Amino acid sequence: MWLYEKKLQYPVRVDTTNPTLAAMIIEQFGGADGELSAGLRYLSQRWTMPDKRVVATLNDIGTEELAHWEMIGTLVYRLTKDATIEQIKGTPFEAHYVNHGKSLYPHNAAGSPWTATYFNAKDDPIADLHEDMAAEEKARATYEWLINISDDPGVTDTLRFLRQREINHFQRFGESLMLMQDNNGCRKHY
Amino acid sequence: MDRVQIDRLMELMEYEFALTETALYLNTHPKDERALRIHNNNSAQYFRLKEAYEMDYGLLTNQGMSGYPWNYVEEPWPWDIDFIRI
């Protein structure tokens with residue numbers, strides 16, 4: 001089960017109203033390599049993972065991704081909450097606004113709605129963990145590009161934190177893969 | 001939310017993050033005694049700070065005891081906290 005705590009994982013700061021930047025950051029809210037895809041991928045893979053240490057890793061990283069999803073939503077919300085119609089018109093956020101107003105909705109920066117086809121669960125620890133490691137690196141790359149286009153120092157600070165978490169999770173999944181491959185005395189070898 | 005409350009929340013968030021880090025590491029290294037010691041020390045301090053914070057400022061989870069009226073619904077929700085003046 002899950003238990004909600006009324007706090008963010010990291011103090012999200014936003015210095016400006018910036019609908020254009022918000023429309024790009026939404027990539028990590030509902031895009032292929034975004035936090036929602038990451039969370040559901042790892043949590044879906046838990047049931048059939050044969051090693052208890054790797055189950056714990058999938059469980060806890062999957063849970064952390066949901067906290068990151070909340071942080072990304074907070075960035076988008078705070079970049080747009082005070083925006084006037086004039087500030088929205090002519091920006092890429094305008095297309096989001098005509099359907100959702102200032103609500104958060106999981107689609108990517110180009111407007112495609114989130115889909116479960118962004119990830120897989122294969123009941124195969126080697127296939128799953130390789131997907132997980134690739135997913136962390138793809139998310140890290142997305143954060144690099146977002147940092148490159150960010151012109152808000154508070155947003156950049158949060159994006160840097162999230163980029164670092166991708167690196168850390170990649171490390172933990174790499175160790176998980178080694179645990180699977182080194183399982184001595186197991187009936188089944190991977 | 002005044003400066004003192006934000007500072008105390010931030011301190012709690014720091015301990016919570018430290019716990020997240022050591023927990024993830026321990027999942028793949030359950031026999032690392034040094035990491036376990038760091039985790040356990042931070043855990044004790046985290047729960048002390050959390051209990052004191054909730055006593056002074058209201059519930060962070062809906063499992064705690066609240067004064068009247070039920071204070072879990074009180075604002076701000078996390079996405080509305082203004083960390084900008086740090």
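At what angle do helix 4 of chain A and helix 1 of chain B pack, and how many Å apart are their axes? Helix 4 of chain A and helix 1 of chain B pack at an angle of about 155°, with their axes 8 Å apart. Axes here are lines fitted to C-alpha atoms, for helices over the stretch in contact, and angles run from 0 to 180 degrees between N-to-C directions. That makes helix 4 of chain A roughly antiparallel to helix 1 of chain B. Angles under 35 degrees count as roughly parallel, over 145 as roughly antiparallel, 65 to 115 as roughly perpendicular and the rest as oblique.

This is a predicted model, in which local features need pLDDT of at least 70, side-chain atom pairs count only at pLDDT 80 or more, and totals for chains, interfaces and linings use all residues. Residues are numbered from 1 along each chain as its sequence is written, while chains are lettered from A and ligands numbered from 1 in the order in which they are written.

**Where the chains meet**

Chain A gives 25 residues to the contact, and chain B gives 18 residues. Two residues are in contact if their C-beta atoms, placed from the backbone, lie within 7 Å. On the side of chain A that touches chain B, helix 4 (52-80) and helix 8 (153-181) of chain A each supply at least two residues. Helices (H or I, at least four residues) are DSSP runs, numbered from the N terminus. Helix 4 of chain A brings the largest share of that side, 9 residues. By class, the side of chain A that touches chain B holds 9 nonpolar, 6 polar and 10 charged residues. Ala, Val, Leu, Ile, Met, Phe, Trp, Tyr, Cys and Pro count as nonpolar, Asp, Glu, Lys and Arg as charged, and the others, Gly among them, as polar.

Back to the opening pair. Helix 4 of chain A passes helix 1 of chain B in a left-handed crossing. A crossing is left-handed if the near helix is turned anticlockwise from the far one by less than a right angle, and right-handed if clockwise. Residues of helix 4 of chain A, including A:Arg53, A:Asp60 and A:Glu64, meet residues of helix 1 of chain B, among them B:Thr20, B:Leu24 and B:Asn27. The contact of these two helices has 4 nonpolar, 4 polar and 3 charged residues.

**Helix pairs within each chain**

| Helix pair | Angle | Axis distance |
|---|---|---|
| Helix 1 and helix 2 of chain B | about 150° | 9 Å |
| Helix 3 and helix 4 of chain A | roughly 160° | within 8 Å |

Helix 1 of chain B and helix 2 of chain B are therefore roughly antiparallel to each other. Helix 1 of chain B passes helix 2 of chain B in a left-handed crossing. Their contact divides into 15 nonpolar, 6 polar and 4 charged residues.

Helix 3 of chain A and helix 4 of chain A are also roughly antiparallel to each other. Helix 3 of chain A passes helix 4 of chain A in a left-handed crossing. Their contact has 9 nonpolar, 4 polar and 2 charged residues.

**The nonpolar core**

The largest nonpolar core has 38 residues. Such a core is a set of buried Ala, Val, Leu, Ile, Met, Phe, Trp, Tyr and Cys residues joined through C-beta atoms within 7 Å. A residue is buried if 20 or more other C-beta atoms lie within 10 Å of its own, exposed if 12 or fewer, and partly exposed in between, with C-beta atoms placed from the backbone. A:Ala22, A:Ile25, A:Ile26, A:Ile72, A:Leu75 and A:Val76 touch the most other members. Contributors of at least two residues include helix 7 (125-149) of chain A and helix 1 (3-28) of chain B. The largest share, 9 residues, comes from helix 4 of chain A. Not counting residues up to four places away in sequence, A:Leu75 touches A:Val12, A:Val14, A:Ile25, A:Val155 and A:Thr158.

**Single residues**

A:Lys6 sits in the segment before helix 1 of chain A. A:Lys6 is partly exposed, with 18 other C-beta atoms within 10 Å. Leaving aside its neighbours within four places in sequence, A:Lys6 is in contact with B:Leu60, B:Trp77 and B:Pro78.

A:Asp123 is found in the loop between helix 6 (93-100) and helix 7 of chain A. A:Asp123 has a positive phi of about 55° although it is not a glycine. A:Asp123 counts as exposed because it has 11 C-beta neighbours inside 10 Å.

In chain B, the peptide bond from B:Tyr68 to B:Pro69 is cis, with omega near -10°. The bond from B:Glu75 to B:Pro76 is cis, with omega near 5°.
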